[in-house]
Amino acid sequence: MNATTPLSRSDMEALWLPFTPNRQFKSKPRLLSRAKGMYYWTPEGRQILDGVAGLWCVNAGHGRTEIAQAVATQLETLDYAPPFQMGHPPAFALAHALMKIAPKGLDHVFFTNSGSESVDTALKIALAYQRVRGQGTRTRLIGRERGYHGVGFGGISVGGIAPNRKVWSASLLPGVDHLPHTHDMAKNAFARGVPEHGAHLADELERLVTLHDASNIAAVIIEPIAGSTGVLIPPRGYLRRIREICDRHGILLIFDEVITGFGRTGSPFAAQEFDVMPDMITLAKGLTNGCVPMGAVLVSKAIYEAFMQGPDGIELFHGYTYSAHPTACAAGLATLEIYQREGLLTRAKTLAKQWEDAAHALRGLPHVIDVRNYGLILGLELEPAAGKPGQRAFDVYTKCFERGLLIRQTADILALSPPLIVEPAQIEQMFGTLAEVLRAQ
């Protein structure tokens, strides 16, 4: 079986696809067989313009020879090295390369293998940090409604997307509370960039502090821009107010930048874009251009140094067999070199005006009830079909694929987030295709 071989239903039956209606998919599969630059190709040779950078991760475009060569060389040189009580040069090199683009003050890196692992790692570090600094009663974690923080038990506990939580609700972490989400279509619909209304929602953190007492709260974790739930842009001043409340009460602030990291907003990280410094940032996706699974947590000097006190010994009993895997490090180093050489970490700023204008030109098309944008991100919300939530957006998603465009769909929200190498003509093509499909609804 090769990339162009047609698959029968029996060929597909062994695979249980994630976040997918398997029976529906296998009755009419959407298959991709190769990729290069801005495009995928199906097994039968049909070209698909990638409007979502794979899954928010292929920021430098597909098929980058530099990354493939770096991985191949690394496999031939050192295919694996144990990460416990051992090290290898690429791991230290990648950590230093990340420091060059990270927000100032986040100067240590803990490597993981995914965004989910990065979130669970950050939560564990937060709890352990409070303990080592003598604040062991700080065990409560605060997430946000509609937040997505991966699929580990820690991530779904602080996450706020109901379908991700309901089956496991009895087994989630205790002592977790949630801030309200910031989406207010009554006041912010069709906002261009940062919406004006909603900074006051950050004050809900003060209410939770009053309810639980600050001495019991370890950390707050939020996405600067909530991605998987359907692109929710932070109201003007909201993130800064969250930071101020955390500072006032000795609570750590974690930004989940698995989606917004590596140039998606027009800055290397959304923390820099919005000029708000968290205590930790979780990363994955764009770290290796989606080529090799890898994640990381950027950690402040103050947190790291708190663990480096006391007698010698293992400071944090946590890690993974594949932490800082040599091939992942090689992919990460090659990816960061591409980002720097081609100016991709800030390229979204040069395209943001065209992107915004094209996005808001969709206003007025059938069933469009909101358009949200920032950098090279689009959230397009549709009016749900009566009695069939999610169906209308799913139909648009499948019809775009049939017309040669890959987009994302969550409930009745569509998302676009193309590779950062996207050209103006390709932006026009994306929105032109999307408009054609919407008009036909």
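Is V167 buried or exposed? V167 is exposed, at 60% relative accessible area, where exposed means over 50%, buried under 20% and partly exposed in between (1.4 Å probe, protein chains only).

1. A word on the model first. This is a predicted model, in which local features need pLDDT of at least 70, side-chain atom pairs count only at pLDDT 80 or more, and totals for chains, interfaces and linings use all residues. Residues are numbered from 1 along each chain as its sequence is written, and side-chain values use heavy atoms, without hydrogens and water.

2. V167 sits in the loop between α8 (162-165) and β6 (176-179); helices (H or I, at least four residues) and strands (E, at least two) are DSSP runs numbered from the N terminus. Together with F153 and W168, V167 forms a nonpolar surface patch of about 320 Å² accessible area.

3. On the cysteines, the disulfide count is 0, a disulfide being a pair of cysteine sulfur atoms within 2.5 Å. For C291, the nearest cysteine sulfur belongs to C57 and is 8.6 Å away. C291 is partly exposed, with 43% relative accessibility, whereas C246 is buried at 1%.

4. Do have a look at the second largest pocket, with a volume of about 1100 Å³. Its lining has 31 residues, and P83, V109, F110, F111 and Y304 are the closest to the centre. α5 (89-101), β4 (106-112) and α13 (301-307) each give two or more residues to this lining.

Methods:
Patch = residues over 30% accessible without salt bridge, like charges linked within 9 Å, V, L, I, M, F, W, Y side chains within 5 Å. Areas by Shrake-Rupley, 256 points an atom, 1.4 Å probe, with all protein chains shown as cover. Salt bridge = Lys/Arg side-chain N within 4 Å of Asp/Glu carboxyl O. 1 Å grid on protein atoms, 1.4 Å probe; cavity = no way out; pocket = protein on both sides within 12 Å on 5 of 7 lines; lining within 4 Å. Points joined across faces, edges and corners; volume = space filled by probe spheres on them.
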